[in-house]
Amino acid sequence: MTKISFLNQKSYPYNSSNIQFHEATNSAKALCIVALRVYNHDMLTAEVIRKAPKVELHEHLDGSLRPETVLDLARKKGMVLPASTPEALAEWFSKGSDERSLTLYLKAFDITTALMQDRESLKRIAKEEIEDLASDGVVYAEIRFAPVLHTKEGMTMEEVVSAVLEGLNEGKMETGMEFGLILSAMRDQSPAISLKTAELAVAFSDRGVVGFDLAGDEAGNPAKKHIEAFSFIRAKNFSITIHAGEAFGLESIWQAIQICGAHRIGHGTRLTDDMSVEDGKIVKMGSLASFVKDKRIPLEMCLTSNVGTGAASSYSTHPFPLFFRNGFRVFLCTDNRLMSNTSLSKEFMIAVKEYNLTLNDLEKITLNAAKSAFIHYDKRLKIIYDIIKPGYKVLREGLGS
C-alpha cells in the first residue's frame, strides 16, 4: 500500500482520546474536542477514505451494475431503456432513492434482473462487481443475490450460481480481492424454492458460497414461513443473514433471530422500537435489543438505501450512530450501489460528515465487519491483521497522528 503524504500540514492528533487534559478546564476540553473534530473532518478527504481498507457485507449483485454495462447488455437484447447515456441512466436508476419512492426503487430491478438471464452476462456483471469494489478500497466483500430470479430464460439455479462464481473468481484473480457469495431466498416466494436455495448454498459451500439470506417485503411475509430452509441450513452448520426490521417492526427481527437462527441482521433499523433514548444515549432496552447487543449479533447498516426507501427519514435520524456509540456491533454497507448512487467510500464519508466519525471510528466499523464475515476464523484474522490494521496504520502516519 502506498503511503499517503500531506504537504504543508502540521501533525496534530485528531482523535481526542490521544489528548491528556489533566490541567484543562471543562470548557477548554470542550473547545479542544470541537477543534479536533473539525480538523479530523477536514483531513478525512474522499481520497483518504477511498484508500482506507473496507469490508462490504451487504451488497446485492442485481443492484450494483455499471450503467455502461446495462446499456451494452440492453442493446444486445434489443431492450428499450428509459435513458440512452450512462449519466442519464444512472440518474434514472437512482430516481427512486432520490424521491424516496420504494415503488420506483424496486421497479429498477425489473431492468437489471432481465439483463441477468444468461451465463455470459452473469459472469461479466460478477467480475465487474469485484473490480468496482476493489477500486473503492474494499478488501473483502460478501455479495448476495437470489438465483431463482435469473432462471426466466432457461438456466437452472445451479447454472446461475456457477456463472456468478466464475465471474467473481475472475475478478478475484485480476484484483486480488477476496469475496464470499450469499444466496438469497425471497419472502414472497414458495418455501419449496427457499429450501432449494438453501440446499444449493450448502452444495456450493466449497466453491465460494458462504451464507444464506432471506430478502423481500417483510409485511405479510414472515420469515418463519421458510423455517424448513432455515432448519436445513442450521443442521448443516452454515451461516444465515436475514433482512429484518427494515420496513417492519420488532416481530420481524425477533423471528429472524429466535425462530430462524440468523447470525446477522440486514438493516435492523426498527430495533430502536425496543429502546428508550435520551440525548443520544440509550437509557433503557427491552429484552430483544439487549440480546442483540449482548450476543454481538451484527447489524448490516445501509445509510443511503434506508433513507431512500423510507426505512429512515433522514441521515440525521438514522439509528446507526445511536447503535455505534452505544456498543452494538454495527458496520456500514451499500445495499445497492446503482439504485442508491453510492459506494462504500461514499457511505463512510456520509458517516464522517453526519456523525463526526474519526479515522479510528472508521477502522472500528471495518473491524466490526471483518469480525462478522461468514468466512473461517483464520481467514478473518488474516484480513484483520495483514490488511486492515496495517492499512489504517499507514493512513494515520500519513495524517500525522
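This is a predicted model: local features need pLDDT of at least 70, side-chain atom pairs count only at pLDDT 80 or more; totals for chains, interfaces and linings use all residues.
## Ground rules and overall picture

Helices (H or I, at least four residues) and strands (E, at least two) are DSSP runs, numbered from the N terminus. Residues are numbered from 1 along each chain as its sequence is written, and side-chain values use heavy atoms, with hydrogens and water left out.

Of the chain's 401 residues, 55% are buried (under 20% relative accessible area; exposed means over 50%, and partly exposed lies in between, with a 1.4 Å probe and protein chains only). The accessible surface is about 17,500 Å², and carbon and sulfur atoms account for 51% of that (Shrake-Rupley method, 1.4 Å probe; for residues, only the protein chains shown count as cover). Take the contacts between residues at least 6 apart in sequence: 75% of them join residues at least 24 apart (contact means heavy atoms within 4.5 Å).

## Salt bridges across the chain

Side chains of opposite charge can pair when their charged atoms come close. The whole structure holds 29 salt bridges (a side-chain nitrogen of Lys or Arg within 4 Å of a carboxyl oxygen of Asp or Glu). One of them joins R337 and E59, with 2.9 Å from N to O. R337 belongs to helix α15 (residues 337-340) and E59 to strand β1 (residues 54-60), so this pair ties together parts that are 278 residues apart in sequence. R337 counts as buried because its relative accessible area is 13%, and E59 is buried too, at 0%.

Another salt bridge pairs E153 with K77, whose closest N and O atoms are 3.0 Å apart. This pair links distant parts of the chain, 76 residues apart: E153 is in the loop between β2 (138-145) and α8 (157-175), and K77 is in helix α3 (residues 67-77). E153 is partly exposed at 49% relative accessibility, and K77 is partly exposed at 36%. A further bridge brings E166 and R119 together at 2.9 Å, N to O. E166 is partly exposed, with 29% relative accessibility, as is R119, with a relative accessible area of 39%.

## A buried glutamate without a partner

What is the nearest side chain of opposite charge to E246, and how far away is it? The answer is R187, at 7.9 Å; E246 is buried yet has no salt bridge (Lys and Arg count as positive, Asp and Glu as negative; His and the chain ends are not counted).

Beyond its neighbours within four places in sequence, E246 is in contact with E218, H267, T269, R270, N306, T309 and A311.

R296, K364, K371 and K389 gather in a positively charged surface patch (made of residues with over 30% relative accessible area and no salt bridge; like charges are joined within 9 Å, nonpolar side chains (Val, Leu, Ile, Met, Phe, Trp, Tyr) within 5 Å). The place of a charge is taken as NZ of Lys, CZ of Arg, CG of Asp or CD of Glu. K364 lies in helix α17 (residues 359-372) and counts as partly exposed because its relative accessibility is 44%. K389 is in helix α18 (residues 377-399) and is partly exposed, with a relative accessible area of 32%.

The other patch is nonpolar: I227, W254 and I259 together have about 230 Å² of accessible area. I259 is part of helix α11 and is partly exposed at 30%.

Leaving out neighbours within four places in sequence, K389 is in contact with E363, L367 and I384. K389 and T366 are 23 residues apart in sequence, with their C-alpha atoms 9.7 Å apart in space.

Not counting residues up to four places away in sequence, N368 touches F328, R329, V330 and F331.
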